[in-house]
Amino acid sequence: MVVGAAIVAAGRVLACARVNPPEVAGKWEFPGGKVEPGETETAALVRECAEELDVRVEVAGRVGRDVSMAHGRAVLRVYLARLVGADRPRALEHAGMRWLAADELDSVTWLPADVPVVAALRPLLTAEPERPDRAGGG
Ligand SMILES: Nc1nc2c([nH]c(=O)n2[C@H]2C[C@H](O)[C@@H](COP(=O)(O)OP(=O)(O)OP(=O)(O)O)O2)c(=O)[nH]1
C-alpha cells in the first residue's frame, strides 16, 4: 500500500516533483510512500510528511478511490491532510513543490495513478474559500 497526502491550505493542494527513479523524475505526486509493516496508514503519512517536507500534518478523510499501480502489485490511496500550526513544507526529498489551486491542477504532469485522484480533489478545492491561514483563530 502506498499512501499519499493531499495537503490542502487556502484552497490549494501541495504537489511535489519526484527526483527518482529516472522514468518518473520530474513527474508530480502527493507526498507519501509505502506503509511499513505494523504501521497505520495515518502514521505512514505523518512519518513521510515529516521526512520529505519537515512538517506535521493532521490526516483527514480519503480523497478519490484506490488506484491500482504496477500491474496490480500496489495500490495508491490518498488522504486529505492539513498542516499543523505554522509548519511550512520544505522540499527535502523532491525536485520542487507547488501549491496548486483548482484551475492549476493540470499545469503539472502528475504520475499516472494520481490523475483520477486529482480529478476527485478538484471540486474539494473549489469549495474551499480562499482565506488567510488561521483566520478566525481556527
Ligand atoms: N509517494 C507517492 N508515490 C506515488 C504517488 N503516485 C504514484 O504512482 N506513486 C508511486 C511511486 C512509487 O513507485 C511508489 C511510492 O514509492 P516511494 O518511493 O514514494 O515510497 P517510499 O518513500 O516508501 O520509498 P522506499 O522506502 O521504497 O525508498 O508509488 C504519489 O502520489 N505519492
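Mentor: Let's talk through the strands, the core and the ligand site.

Trainee: Before we start, what kind of model is this?
Mentor: This is a predicted model.

Trainee: Okay. Which residues does the UniProt domain annotation cover?
Mentor: The unreviewed UniProt entry annotates residues 1-125 as "domain: Nudix hydrolase". Over that stretch the chain is 19% helix and 38% strand, and the C-alpha atoms at its ends lie 25 Å apart.

Trainee: Let's do strands. Which way do E1 and E6 run relative to each other, parallel or antiparallel?
Mentor: E1 and E6 run parallel, joined by 6 bridges. Glycine 4 stands opposite valine 78 in E6.

Trainee: And what about E1 and E4?
Mentor: Those two are antiparallel, with 3 bridges. Glycine 4 turns up again here, opposite glycine 32 in E4.

Trainee: How many bridges join E1 to E2?
Mentor: There are 2 bridges, and the strands run antiparallel. Valine 8 of this pairing stands opposite valine 13 in E2. The hairpin of E1 and E2 has 2 residues between the strands, and alanine 10 takes a positive phi near 50° there.

Trainee: Which residue has a positive phi in the hairpin of E5 and E6?
Mentor: That would be alanine 70, also with a phi near 50°, in a hairpin with 4 residues between the strands. E5 and E6 pair in the antiparallel sense over 8 bridges, and valine 63 has valine 78 in E6 as its bridge partner.

Trainee: Back to E1. Why is it described as largely enclosed by the rest of the structure?
Mentor: Because 7 of its 8 residues are buried.

Trainee: So what does the largest nonpolar core look like?
Mentor: It has 30 residues, and those with the most contacts inside it are Ala5, Ala6, Val13, Leu45, Val57 and Tyr79. At least two core residues come from each of strand E1 (2-9), strand E2 (12-17), helix H1 (41-53), strand E5 (57-69), strand E6 (74-83) and helix H2 (115-127). E1 supplies the largest share, 6 residues.

Trainee: What does alanine 6 touch?
Mentor: Leaving out residues up to four places away in sequence, alanine 6 touches Val13, Phe30, Val63, Val78, Tyr79, Leu80, Ala81 and Leu121.

Trainee: Switching topic: is cysteine 16 buried or exposed?
Mentor: Cysteine 16 counts as buried because there are 24 C-beta neighbours inside 10 Å, where the cut-off is 20 or more. Cysteine 16 is in strand E2.

Trainee: Which residues does cysteine 16 touch?
Mentor: With residues up to four places away in sequence left out, the contacts are Trp28, Glu29, Pro31, Ala91, His94 and Met97.

Trainee: Last one, the ligand. Which residues are around it?
Mentor: The shell is made of Val2, Gly4, Glu29, Phe30, Gly32, Gly33, Lys34, Met69, Leu76, Leu111, Ala113 and Asp114. E1 and strand E4 (32-34) are the elements that give two or more residues to this shell.

Trainee: Which element gives the most?
Mentor: E4 does, with 3 residues.

Trainee: And how does the shell split by class?
Mentor: There are 6 nonpolar, 3 polar and 3 charged residues around the ligand.

Trainee: Great, thanks!

Key: Residues numbered from 1 in each chain as written. Predicted model: local features only at pLDDT ≥ 70, side-chain atom pairs only at ≥ 80, totals over all residues. Core = buried A, V, L, I, M, F, W, Y, C linked by C-beta atoms within 7 Å. Buried ≥ 20, exposed ≤ 12 C-beta atoms within 10 Å, placed from the backbone. Contact = placed C-beta atoms within 7 Å. UniProt positions renumbered as here; feature names shortened; annotations may be inferred. Near = placed C-beta within 6 Å. Nonpolar A, V, L, I, M, F, W, Y, C, P; charged D, E, K, R; others polar. Pairing = 2+ DSSP bridges.
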